[in-house]
Amino acid sequence: MDVITYQHGIYPRSEEVVAATRGLERGRTTREEVDRAFAADRADFIRTQREAGLDYFSDGLLTWQDIFRPFVEVCEGLDAHALVRWFDNNSFFRAPEITGELSLSASVPGEMEDDGDLPGPKMATIPSPYLLSRAAQSDEDRNTLMRDLTREILRPVSQELVARGYRLLHMQEPWLVYFGMESEDWDDFEKAVGELREATEGATLVLHTYFGDAGPWADRLRRLPVDAVGIDFVETDPEELGTGWSGGLLAGVLDGRRSLVEPVEPVVGFARRIAEMAGPSRLIVSSNAELELLPRDIARRKVAVLGEAAARLKEELA
Amino acid sequence: MTSPRPTPSDLTSTPLLTHEVGSLDKLGWRVKAVAGKDLEERDVDEARAWGGRAGVDGFEELIDLLRRAPLRSKEDKDQVKRWSSRYGLRMEESAGLDVVYDGEQQRTEMYQWAVAHSNGFEWRGSVRAFDNKYYSKAAVVGPISLKEPYHDEEFAFLKSVARAELKVPITGAYTIADWSFDERSNGGQDLTKPHATRTAARKDARHEFVLDVARNMIRPNVEALIALGAKWIQIDEPGGSTEPDELDLFAQSFNESVDGLDAVFSTHLCFSDYDLFFPGIEAMTACRQFAVGFANYDSRDLGISDAARPGYQVIRKFRDLSYRPSLGLGVLDIHTDFIEPPELVRDRILYAVDVFGDPGRIQITPDCGLRTRSWDVAHRKLVNMVEGTRLAKARLGLS
């Protein structure tokens with residue numbers, strides 16, 4: 001079985017970046033000092049991934065203010081004001097607000113422009129079409145909005161990322177398993193994902209559900225046109241997944257919301273059990289959610305565990 | 001002949017009473033002086049300017065103290081903190097608020113202060129709340145107890161200098177637990193255990209943690225404040241609705257913190273889907289007021305129709321609570337420098353009064369603490385809040 005590992009989503013900022021960004025807002029430090037602190041964090045995260053032996057490299061989305069903001073800022077007709085709780089966390093995002101005709105002002109968000117230092121193979125994290133359309137503030141029909149946001153933003157950006165050499169695109173999709181999805185919404189969602197599939201030919205496309213139980217949605221999820229579906233095993237009972245996953249499975253086995261760092265052995269044992277039960281063509285070992293909700297030093301230790309566990313699984317499941 | 005001072009329960013039912021909710025920013029002179037750093041001339045100028053603008057008696061004494069920076073002694077730094085408290089208090093009084101506190105000038109931060117004065121926690125590092133706003137997050141690692149009641153000194157001082165009525169804000173049990181990691185139990189994290197066992201272990205651990213904070217951290221603090229003469233205590237619960245399936249636990253933690261104690265208790269909720277609080281908070285019968293942030297979700301258009309006030313639609317649910325608490329109506333969006341015109345404040349109030357049908361159940365507040373705004377913006381917002389309240393009173397024929 002093909003086993004890979006990578007760390008998706010927003011990675012936490014160091015205490016140095018925390019102090020620098022806080023200082024900038026209060027007029028106590030300079031933009032240059034902030035940039036230097038971010039650069040050091042980025043180098044640190046790249047080093048952490050390399051030392052852990054991860055298979056894909058992310059920039060950690062360190063400068064992103066939330067998962068939507070770079071897309072809001074690169075798109076005419078979108079704005080972001082109201083603070084909304086990020087699911088059941090003490091963390092908030094500014095809800096994208098539809099203010100006019102959607103139109104990209106650049107091929108990728110500014111935060112993704114300067115990626116020359118990122119080693120390959122590179123991976124990027126983007127919001128899933130369903131998440132983006134439901135988190136947005138709009139009076140428009142949500143499925144129409146999902147189609148518009150996919151066509152005008154997610155598809156062209158994804159296409160450009162692949163053209164820039166990104167080998168894996170990871171779509172965050174907590175909304176589906178946290179709030180659920182009406183049966184009449186599935187077709188539109190599948191079409192939106194299908195559009196992104198077309199746009200990312202040659203790259204691996206992953207849809208990652210988290211912060212909720214994927215069990216009730218497992219049958220529909222496994223039929224989506226993606227290379228792997230991500231499951232949060234803190235919230236999902238593996239018994240509910242069924243067997244015979246013909247596609248890939250991202251097993252979220254490290255808890256991105258708890259500070260205790262998991263020992264390697266049980267993580268390996270659990271992932272092996274998932275592989276045996278579900279029988280996916282490819283097993284991706286990762287955290288159940290982005291690590292942003294942890295202090296940086298704890299997140300770094302979890303990435304190390306991830307690498308160690310994946311290395312063991314590669315040997316055992318080869 | 002002067003009228004008798006209102007009792008605390010009068011205060012929570014006084015029509016359109018204006019009050020503060022939480023913290024204010026700490027000015028540069030306060031931060032640097034307490035950190036033992038040098039001050040710049042602009043810091044001293046700011047202390048002088050706000051001393052005059054807020055009407056702080058004797059602020060030249062502070063200026064003399066700041067001139068000696070960098071300050072080394074604990075006594076000097078404590079003096080600076082008390083001056084900062086005076087400034088916060090007078091800033092709010094000068095804006096015209098009826099009920100004030102000091103913008104939590106002596107505390108580090110609402111969560112950090114509480115945890116730092118309690119046993120059973122260890123710090124783990126900074127976690128982002130949003131944008132470039134972060135908080136220091138601790139883990140509970142052992143039994144919880146107070147090192148000392150951690151608002152006594154502050155309250156005793158403020159009581160001695162306040163001109164307006166005081167309401168003491170204190171961080172609630174649910175929020176403290178929710179903003180902490182729990183490292184006392186890893187039963188919920190061990191994936192080798194059956195899913196149902198893990199889920200049950202997580203739930204039990206959470207229940208135990210929240211109620212441990214309520215009983216052994218919040219309640220002893222509240223008791224100490226009451227012994228010092230506190231009459232109105234606001235339990236701040238910005239994390240109250242974080243876990244929608246724990247609203248019963250949230251309500252239980254409030255009750256465990258205050259039941260049977262002799263004071264008026266209110267709570268503050270913000271930045272949540274308030275629908276989630278129902279029916280959970282129906283059990284919080286000791287809560288005389290919910291101070292809730294709504295302006296963040298509202299339009300800036302004038303008007304008192306449902307369409308003009310989308311952020312306030314949920315207030316009907318608070319109106320219908322059987323124990324008839326008053327509503328601290330958040331009318332200032334604390335996440336923007338937009339200065340709400342008095343007419344907008346007025347219309348938000350008039351809308352709420354119309355929905356409640358009783359101005360005695362509506363009081364006026366910012367959405368939350370104004371800590372993320374400059375003092376200039378915060379003061380201008382508060383002044384307009386008071387003026388908007390005056391306009392609403394005039395429209396309603398209230399004195």
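In chain B, β8(B) and β9(B) pair in the parallel sense, with five bridges between them. One of those positions sets B:Leu269 as the bridge partner of B:Val292 in β9(B). Please keep in mind that this is a predicted model. The mean pLDDT of chain B is 94, and 97% of its residues reach 70 or more. For the complex, the predictor gives an ipTM of 0.95 and a pTM of 0.91.

Now the sheet those two strands sit in. It is an open sheet of six strands, in the order β5-β7-β8-β9-β10-β11 of chain B, and the pairing is parallel. At the edges stand β5 (168-171) and β11 (362-365) of chain B, each with a single partner strand, so one side of each is left without a neighbour in the sheet. On average, neighbouring strands here are turned by 25 degrees against each other, direction ignored. A helix, α9(B), lies across β5 and β7 of chain B and runs at about 165 degrees to β5(B).

Next, one helix of chain B. α10(B) covers residues 247-258, which makes twelve residues. From its first C-alpha to its last it reaches 17 Å, close to the 16 Å expected at 1.5 Å a residue. The buried set is B:Leu247, B:Leu249, B:Phe250, B:Ala251, B:Gln252, B:Ser253, B:Phe254, B:Ser257 and B:Val258. What covers the buried residues of α10(B)? The cover includes the helices α8 (173-178) and α9 (195-227) and the strands β7 (232-236), β8 (264-269) and β9 (287-292), which belong to chain B. After α10(B) comes B:Gly260, with a positive phi near 80 degrees.

Over to chain A, which also has an open sheet. Seven strands form it, in the order β1-β9-β8-β7-β6-β5-β4 of chain A, with parallel pairing. The edge strands are β1 (2-5) and β4 (122-127) of chain A, and each pairs on one side only. From one strand to the next, the twist averages 25 degrees.

Five of its five residues are buried, so β7(A) is largely enclosed by the rest of the structure. Which residues of β7(A) point which way? A:Ala228, A:Gly230 and A:Asp232 point one way, while A:Val229 and A:Ile231 point the other way, and all are buried. In general, side chains of a regular strand alternate between the two faces of the sheet. As for the partners of β7(A), three bridges join it to β6 (residues 204-208) of chain A, and the two run parallel. There, A:Val206 has A:Ala228 as its bridge partner in β7(A). β7(A) also pairs with β8(A), again in the parallel sense, over five bridges. In that case A:Gly230 has A:Leu250 in β8(A) as its bridge partner.

Chain A also has an antiparallel pair: eight bridges join β2(A) to β3(A). A:Ala80 stands opposite A:Pro96 in β3(A). The hairpin of β2(A) and β3(A) has six residues between the strands, and in it A:Phe87 takes a positive phi near 50 degrees.

Last, the contact between the chains. How many residues does each chain give? Chain A gives 35 residues and chain B gives 31. On the chain A side, the elements with two or more residues touching chain B are α1 (15-25), β2 (75-85), β3 (92-104), α10 (264-278) and α11 (296-317) of chain A. The largest share of that side is five residues, from α1(A). By type, the residues on the chain A side divide into 15 nonpolar, seven polar and 13 charged.

That is what I have; questions are welcome.

Technical notes:
Residues are numbered from 1 along each chain as its sequence is written. Chains are lettered from A and ligands numbered from 1 in the order in which they are written. Two residues are in contact if their C-beta atoms, placed from the backbone, lie within 7 Å. Helices (H or I, at least four residues) and strands (E, at least two) are DSSP runs, numbered from the N terminus. Ala, Val, Leu, Ile, Met, Phe, Trp, Tyr, Cys and Pro count as nonpolar, Asp, Glu, Lys and Arg as charged, and the others, Gly among them, as polar. Two strands pair if DSSP finds at least two bridges between them. Axes are lines fitted to C-alpha atoms, for helices over the stretch in contact, and angles run from 0 to 180 degrees between N-to-C directions. The expected span of a helix is 1.5 Å times one less than its number of residues. A residue is buried if 20 or more other C-beta atoms lie within 10 Å of its own, exposed if 12 or fewer, and partly exposed in between; C-beta atoms are placed from the backbone. pLDDT is the predictor's confidence in each residue, from 0 to 100.
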